[in-house]
Amino acid sequence: MRRTRILTAVLALAAGLLAGSPPAALAAETPKAAVAADTYTWKNARIDGGGFVPGIVFNRAEKDLAYARTDIGGAYRWQESSHTWTPLLDHVGWDDWGHTGVVSIASDSVDPDRVYAAVGTYTNDWDPTNGAVLRSADRGASWQKTDLPFKLGGNMPGRGMGERLAVDPHDNDVLYLGAPSGRGLWRSTDAGVTWSEVTAFPNPGNYAQDPSDTSGYASDNQGITWVTFDESTGTAGAATKTVYVGVADKENAVYRSTDAGATWQRIAGQPTGYLPHKGVLDAENGHLYLAYSDTGGPYDGGKGRLYRYATATGTWTDISPVAEADTYYGFSGLTVDRQNPGTVMATAYSSWWPDTQIFRSTDSGATWTQAWGYSSYPTRENRYTMDVSSSPWLTWGAHPSPPEQTPKLGWMTESLEIDPFDPDRMMYGTGATIYGTENLTNWDDGGTFAIEPMVRGLEETAVNDLASPPSGAPLLSALGDVGGFRHTSLTEVPSMMYTSPNFTSTTSLDFAEADPDTVVRAGNLDTGPHIAFSTDNGANWFGGSDPAGVSGGGTVAAGADGSRFVWSPQGAGVQYTTGFGTSWQASSGIPAGAVVESDRVDPKTFYGFKSGKFYVSTDGGATFTASAAAGLPAGDSVRFKALPGGKGDIWLAGGATDGAYGLWHSTDGGATFSKLPNVDAADTIGFGKAAPGASYQTLFTSAEIGGVRGIFRSTDRGASWTRVNDDAHQWGWTGAAITGDPRVYGRVYVATNGRGVVYGDTAGGGGTDPGPGPDPTPTGACEVTYTITNQWSGGFQADVRLTNTGTSPWNGWALDWPFANGQKVTQMWNADHTRSGTTVTARNVGWNGTVAPGSSVGFGFTGEWSGTNTEPTTFRLGGRVCTRA
C-alpha cells in the first residue's frame, strides 16, 4: 500500500536538529549531572507494527528463539510464552540515533545466548556516525559495541537483501559482514570484538539504484548482500570451509570460498542480469537456493528468477515458478523447511498489484504452488484465510475492486522464514507488519492455512506530531507511512488510522483548545487534499481544499475556538481561513515555510517562526508582524507552543550547536523571550497537568540538561528539572514532538523516529520536583520491588525499584542485598555496583542520587545463575532493612 518508507528526520537532521552533546552512550562512563531523577514506567501506545520489517531470523539450535530487524526502529526478540516481541535497542541514545537502523542480525547456533546486530541508518551524510556491530551474550538484554570505519544503511535501498551478517556454525568466534559503499567483505575472529577487511575477496559490488542521485542515498553501491555457510563442510571448533557470498553485481553475483575464506572464486555458470537478494543453503540435499531481482528493492523490482545450485556438481537450474516474461516483480523472501529440506518457499516481494505472491515447492523447486490464483479473472481463489482483528487498521479502510483484496497478503515481502523446528509455523515481514501462520502444512493437503498478525510488541511508526486534548481521546498522533491514529485507549490497537483522506504521512495536527472536538491535520498525499478536519475529536474526517501550489502538509494551527485555521503548507505560502478550509487566503508579513501555532486563549492570535524570527498575528492569520525579539535560534530547527490557559505564554525550543540552542520563554505574546540558563539544549516542548499543589502546568522537553541528554519534566516553570527516562530508555532521536497529558499528572507522550509513541507514567506518585536533600546517607524508610523480567539457561535480567517511603529526601543512596544461590551481576545500568562475597551493592550514578519522599528510582541488571535463581529476601539501605513491595 505504501511505496515510500518515511524518513521522518532526514530533512530535519540535515538542517542540524540532531546537533547536541552526546547522551550516555553504550559502554561509556555515565555523565554526571546535578539534576534530579524520577522512576517512570514506559510503554508504547499500541499500534502494533506500522513499518517495514526486512529481516526475520530463527536460531537453528534452540526452539522458539527468533529475532526481527527493522529499518529504523531497532531489533526485537520473540517471546514464545506471550507471542510478543521485546525491543532490544531502546538504550540507543541521541548522539548514536543512527544505530536504531538495523541492516542485519545474526543469532549464534553454537551459543544461542549470543546475538549480533549490524547497525547504522544511512550511508550518506544524513547519518553523522559510522556503523557499528553490537554483540550480546544475553540475547540482547545488554550489548557491547564495536564501531566500524564505515557507515551502514539500515534504511538504504537494498535493505531487504541479506542477511549480510553471519556467524560460523562451527567456530562461532568467526563472523562475516557484507559492507555497502564498496567497502567489501569483513571478518571477525574474536566473536565480533574486532573486525578486518577480507582483502582476498575480489568484488565489493557495483550496483546503485540511481547513480545520478546527488544526495548519496540512491547512488550508493549496495555492496555485499548476504553470507551463507555450508555447515556440511566443517566440524565443531574449526572454521567452516565453504562459504557463499552474494554481491550487488549483475554480472558477478555469487562467490565461494572452500578454504574458510582464504581464497574466493566467482562461481562458474551462474545467471547474470540480476541481483542476488537471498542465498539459502539446504546442506542435506546439497542445494543453494537463490532469489534474484533486477533491482535492489525494497520498493522496486520488475523482473526476477529463482535458481538452484547443486553444490556437489556445480549445476545451475532455473526453478522459477513462472516464466521470465510473466514476471513483473523480483523474488526475495526465501526459506527452506529444515525439518523437510526439499520444501522451499519464496516471495514476489515487489508485486504491488494486485497483491504480493508467495510460492511453495515440496520437491526442491521442480514444481510450485501459489498462495493465490485466479479461478476466473478477476475472481481470486486463496489457499489462506486472513484474520487481522488484532490489528484491524491493516485493511486501510479500503474497498478495492477485484482482483485486489483487503487486507492484502502483503507488500515489500523481503523476509520469509519457516520455523526450523516447526514446519507449521512461518513468519513473513511486510511494509507494515509481521504476518504468520501456525498451520502452514495445510497448504500441501489442499486445505487453507490461517494468517494473522504476529507483531504485538513490535512498534515501528515514525512520529511527526502529538496532541493530548483536555477531553475526548487522550492521544492523537501524526505518523509517517500510516497517517496517524486516535487512541481512545493506550493499551488497545485503534480500529483504523485517519481516513477521508488517508494521508501517506501526517506532518502536523492541532485541536481547538476551547473546543477539542474540532481537530485539523495536514499531510502528504499523491492525489487529493493535503488538509483535513474533524468535528468529533478525530473520530471522523473530511478533506478541505488546497490553495494553489501546495505540494506537502507542512504545519497547521487551529484557533482557540475552532473558528479559523492557519496553514503553512509545502509549496505555498502561509494561508488562513475561517470555517473548514473551503477557501484560503494568503497571509501577509510572514515568509513561506514558517512553523505556525495558535494562542490557546485568544482565537484570533496566531504565531509563526522562521529563520530566527518570531511572528505574531492578532487578526486571525490575515497579517503577521515580526517580533523584535532577538537571540533566538537562527535556523529552522525550532518547535514552539503556547500554554493552554495563558494568553501570550509561549515556550520555544530548538537551535544547533553552532549557534543559539536551548529553551526560551515569553510571557508577552512573543514580544520578548528569555532563555532558560539551566537548559543546555532543547528540541521539543510540551505541557501536562500541573503537579499537586502547583498552579502552573507541567513542562516536558527532550533536552540536554546538566550535561545529560534525556526526557525532562519541570513543575516550577523551568526553574528545576527532573529526568524521567533512563539510559535503558532513550529511543534514539526524540526531537519531533512531546506532550504531557492534561488529565494525568506526570504522564508524557514522546515521539520517536521508528519506535512509535512511547508514554511514561511516574512511579513516585508525582508532586513537585525534588530539590537537593540534606542527608547524604539515607537511613529512612525504604521499599524495594525486585522483578526478574527475563530468564534463560545460565542468565537472567532483573529490574529493581527503590522507593523513599520516609519523610526526608535522599542525596545519594547505596542498596545492598545478598544472593542466596551465588548469582553474579554481569552488567548494571542506571547504577554502579560492587560485590563483596555474596553481597551486591548498587549505588546511584550522578543524575539519580536525589530521591524525594514518595518518589522512586530504578535500575536494572543482567546476571548469571546456575542451579536455582532465588530472589533476594533482604535489601538494606544505609544499614536499614527495606520492606518488599
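Predicted model: local features only at pLDDT ≥ 70, side-chain atom pairs only at ≥ 80, totals over all residues.
1. **An aromatic pair to start with.** The model holds 50 aromatic pairs. One of them joins W817 and F861, and this pair is stacked. The ring centres are 6.0 Å apart, with 25 degrees between the planes. W817 lies in strand β64 and F861 in strand β69, so the pair ties together parts that are 44 residues apart in sequence.

2. **Cover around that pair.** W817 has a relative accessible area of 0% and is buried. F861 is buried too, at 0%. Ring pairs also link W817 and F861 into a cluster, whose members include Y786, F796, W813 and F875.

3. **Charges over rings.** Look at W94. R709 lies over the face of this ring, 3.8 Å from the ring centre. At W664, the charged end of K675 sits over the ring, 5.5 Å from its centre.

4. **A nonpolar patch.** W353, Y374 and Y377 make a nonpolar surface patch of about 360 Å². Y374 belongs to strand β27, residues 372–376. The relative accessible area of Y374 is 37%, so Y374 counts as partly exposed.

5. **An open sheet.** Four strands pair antiparallel in the order β37-β38-β39-β40. Which strands stand at the edges? They are β37 and β40. Each has a single partner strand, so one side of each is left without a neighbour in the sheet. Strands β38 and β39 are joined by four bridges. A522 has I531 in β39 as its bridge partner.

6. **R600 and its partners.** The salt bridge count is 30. D510 and R600 form one of these, at 3.2 Å from N to O. E513 is in the loop between β37 and β38, 87 residues from R600. D510 and R600 are both buried, and E513 is buried as well.

7. D602 and K647 form a salt bridge, with their closest N and O atoms 3.9 Å apart. D602 lies in the loop between β45 and β46, and K647 in the loop between β49 and β50, so this pair ties together parts 45 residues apart in sequence. Are these two residues buried or exposed? D602 is partly exposed at 21% relative accessible area, and K647 is exposed at 53%.

8. **A network.** Salt bridges link K63, D64, E80, D419, R425 and E438 in a network.

Methods:
Residues numbered from 1 in each chain as written. Heavy atoms only, no water. Phe/Tyr/Trp six-rings, centres within 6.5 Å; stacked < 30°, edge-to-face > 60°. Helix = DSSP H or I, 4+ residues; strand = E, 2+ residues; numbered from the N terminus. Buried < 20%, exposed > 50% of the residue type's maximum accessible area, 1.4 Å probe, protein only. Lys NZ or Arg CZ within 6 Å of the ring centre and 35° of its normal. Patch = residues over 30% accessible without salt bridge, like charges linked within 9 Å, V, L, I, M, F, W, Y side chains within 5 Å. Areas by Shrake-Rupley, 256 points an atom, 1.4 Å probe, with all protein chains shown as cover. Salt bridge = Lys/Arg side-chain N within 4 Å of Asp/Glu carboxyl O. Pairing = 2+ DSSP bridges.
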